[in-house]
Amino acid sequence: MTTTLNRETWDTPERAALRRLAADFTRKEILPHLDTWEREGAVPPELHRTAADAGLLGASVAEEHGGSGGNPLDMLAILEEIILAGGSSGLISALFSHGIATPHIVASGNRDLIERFARPALEGRMIGSLGITEPGGGSDVAGIRTTARRDGDEYVINGAKLYITSGTRADFVTTAVRTGAAGAGGISLIVVPTGTPGFTVSRKLDKMGWLCSDTAELFYEDVRVPVANLIGEENSGFAQIAQQFQGERLSLAFQAVATARRCYDLAVEWVRSRETFGRPLSSRQVVRHRLAETATEIAAAHTFCRSVAERWVNGEAMLLETSMAKNFAVRVCDHAVMESVQLFGGLGCMRESEVERHFRDARVLGIGGGTTEIMNEIISKLLGL
């Protein structure tokens with residue numbers, strides 16, 4: 001099943017080559033080891049360097065900052081292809097955590113921070129995490145309680161972070177802290193190297209899905225970092241977070257659509273080959289119609305998400321549409337993975353089945369990057385409701 005939109009944008013020779021590269025990398029470097037990484041609960045740090053050497057980590061970042069000079073559409077194409085080739089959104093979460101840890105640094109234009117943290121992450125020499133969510137805080141970014149008190153040429157940080165992707169392996173955490181008064185206006189972003197005294201990984205968390213993507217609770221006790229590690233202006237963190245959230249939400253939307261497409265493809269292959277009562281499953285109208293409905297939803301989500309991504313890259317204000325795209329893509333994905341597992345029957349519930357992994361992983365997509373409920377609140381407000 002294929003859908004197209006603005007072929008000159010998405011199907012250029014360069015992007016076709018990038019897709020082939022991502023697919024080949026997935027088949028060679030990921031698929032033989034993915035089950036092991038799922039059991040171990042993390043991907044090895046050396047995979048980051050291998051992916052960087054292949055040209056995958058920095059595809060959307062300017063060459064002057066350590067990237068390959070492309071734009072976010074290139075990265076979205078890579079993420080799609082990894083899943084379509086048999087990878088997973090959990091693998092993407094682990095391998096591409098720099099995609100949420102470094103954009104604020106790059107956007108700030110701070111050459112020192114870029115050279116110390118962003119470039120090494122893009123080159124696979126460091127692993128970055130983004131520390132926003134806190135125990136008891138959930139999606140309330142404006143209510144962050146972790147504090148950073150100025151003491152001469154240093155900030156002294158105290159607090160905790162929860163559900164932090166790549167938290168057990170990270171070399172640095174782009175950390176949201178409170179440097180000012182209560183509310184959104186008092187938040188800043190500071191880069192915290194994980195080797196700094198007072199920084200600890202409180203515990204590694206066990207999840208339902210994204211098993212190969214390590215997730216941690218972090219603790220900061222009188223952690224001292226240079227004032228030079230501040231990203232942008234003090235108390236400008238909320239605006240920085242809000243701006244970069246759009247890219248993260250589009251990434252999750254594309255992963256959701258790709259997961260839906262992969263599960264659809266696997267289901268079609270299965271119903272054509274699986275016989276029951278002397279006939280292939282695909283000969284039964286109820287099966288064909290379920291797949292027809294799934295294919296229709298995927299085509300609509302694919303087209304909509306690509307349209308939103310194009311307009312966002314072109315600089316249009318797309319907060320409403322990126323929120324819609326994420327929610328719609330997640331809903332389509334939820335339906336596709338459910339139908340696929342059902343069509344696979346008992347095999348669909350087995351860990352040996354790829355659709356079983358996608359079923360578990362898909363549940364995270366409606367939570368990460370802003371829950372479905374938060375997206376609906378944004379949408380309703382922007383619609384003037």
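Which side chains meet in a salt bridge at 2.9 Å, N to O? They are those of Asp-151 and Arg-224, a salt bridge being a side-chain nitrogen of Lys or Arg within 4 Å of a carboxyl oxygen of Asp or Glu. Asp-151 lies in strand E2 (residues 147-151) and Arg-224 in strand E7 (residues 215-226), so the pair ties together parts that are 73 residues apart in sequence. Helices (H or I, at least four residues) and strands (E, at least two) are DSSP runs, numbered from the N terminus.

The model is predicted: local features need pLDDT of at least 70, side-chain atom pairs count only at pLDDT 80 or more, and totals for chains, interfaces and linings use all residues. Residues are numbered from 1 along each chain as its sequence is written, and side-chain values use heavy atoms, with hydrogens and water left out.

By the salt-bridge rule the count comes to 24. Salt bridges that share partners join Glu-64, Arg-111, Glu-115, Arg-119, Glu-123 and Arg-125 into one network. Within it, the closest N and O atoms of Arg-125 and Glu-123 are 2.8 Å apart.

Arg-49 is partly exposed at 38% relative accessible area, while Asp-53 is exposed at 61%; buried means under 20%, exposed over 50%, and partly exposed in between (1.4 Å probe, protein chains only).

The buried residues of H4 are Leu-47, His-48, Ala-51 and Ala-52. They lie on the same side of H4 because they cover an arc of only 135 degrees around the axis, taken from the directions from the helix axis to the C-beta atoms. Glu-46 and Asp-53 are exposed on the other side. The buried residues pack against helices H2 (13-30), H3 (34-40), H6 (89-95) and H9 (111-122), contact meaning heavy atoms within 4.5 Å. Just after H4, Gly-55 has a positive phi of about 90 degrees.

The largest nonpolar core has 42 residues, and Phe-254, Val-271 and Cys-333 are among those with the most contacts inside it. Such a core is a set of buried Ala, Val, Leu, Ile, Met, Phe, Trp, Tyr and Cys residues joined through side-chain atoms within 4.5 Å. Helices H5 (72-84), H10 (237-273), H11 (285-313), H12 (319-344) and H13 (354-365) each give two or more residues to this core, and H10 gives the most, with 14. A second, separate core of 25 residues includes Trp-37, Ile-78, Ile-83 and Ile-92.
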